[in-house]
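Here are some notes from my pass through this one. Have the structure open while you read.

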Amino acid sequence: RATAAFYERLGFSVGALYPGEYLILEDEDGVELHFYCDPVEPSANAHGCYLRVATADEADRLHDRWRTPVEDGGGVVRPPQDTDYGLREFAILDPDGNLLRVGGAIGDGSG
């Protein structure tokens, strides 16, 4: 429920909730985030979610829209950075230790 409440600040709503097992969040554009309940230690477990958007501009818009709700909700958001592989990316770490990376193609979109 805490994970759902955090992502609701970003415009997602609960699509399905199986307490202690699984959570599906959806936004108005049909993007779904799926979470399963399995405690992890972020410093020891490689895990995360990558949300690929079409363009760097779209990544920037999401960063601008989500920055304040993430921080107000107890999460951490990193600023967008251009990569050497043609994407502009930023990252969110939610209060439960879930990593969400977001990226969009710089330039013509072929990234």
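Which residues does Cys-37 touch, not counting those up to four places away in sequence?

1. Gly-20 and Glu-21 are what Cys-37 touches once residues up to four places away are set aside. Keep in mind that this is a predicted model. Cys-37 itself sits in the loop between strand S3 (32-36) and strand S4 (49-55). Its C-alpha atom is separated by 14 Å from that of Asp-94, 57 residues apart along the chain.

2. Have a look at Tyr-36 too, in strand S3. With a relative accessible area of 58%, Tyr-36 is exposed. Together with Tyr-18 and Tyr-22, Tyr-36 makes up a nonpolar surface patch of about 360 Å² accessible area.

3. Thr-3 belongs to helix H1 (residues 2-8). Thr-3 counts as buried because its relative accessible area, 13%, is under the 20% cut-off. Beyond its neighbours within four places, its contacts are Leu-23, Leu-25, Phe-35, Asp-94, Asp-96 and Asn-98.

4. Now the aromatics: the whole structure has five aromatic pairs. Phe-6 and Tyr-7 are edge-to-face, because their planes stand at 80 degrees, with ring centres 5.0 Å apart. Phe-6 is buried at 5% relative accessibility, and Tyr-7 is buried at 1%. Phe-12 and Trp-66 form a tilted pair, 6.1 Å centre to centre and 50 degrees between the planes. That pair links distant parts of the chain, 54 residues apart: Phe-12 is in the loop between H1 and strand S1 (13-18), and Trp-66 is in helix H2 (residues 56-72).

5. Phe-12 is buried at 4% relative accessibility, and Trp-66 is buried at 3%. One aromatic cluster takes in Phe-6, Tyr-7, Phe-12, Phe-35, Trp-66 and Phe-90.

Definitions and conventions
Residues numbered from 1 in each chain as written. Predicted model: local features only at pLDDT ≥ 70, side-chain atom pairs only at ≥ 80, totals over all residues. Heavy atoms only, no water. Helix = DSSP H or I, 4+ residues; strand = E, 2+ residues; numbered from the N terminus. Buried < 20%, exposed > 50% of the residue type's maximum accessible area, 1.4 Å probe, protein only. Contact = heavy atoms within 4.5 Å. Patch = residues over 30% accessible without salt bridge, like charges linked within 9 Å, V, L, I, M, F, W, Y side chains within 5 Å. Areas by Shrake-Rupley, 256 points an atom, 1.4 Å probe, with all protein chains shown as cover. Salt bridge = Lys/Arg side-chain N within 4 Å of Asp/Glu carboxyl O. Phe/Tyr/Trp six-rings, centres within 6.5 Å; stacked < 30°, edge-to-face > 60°.
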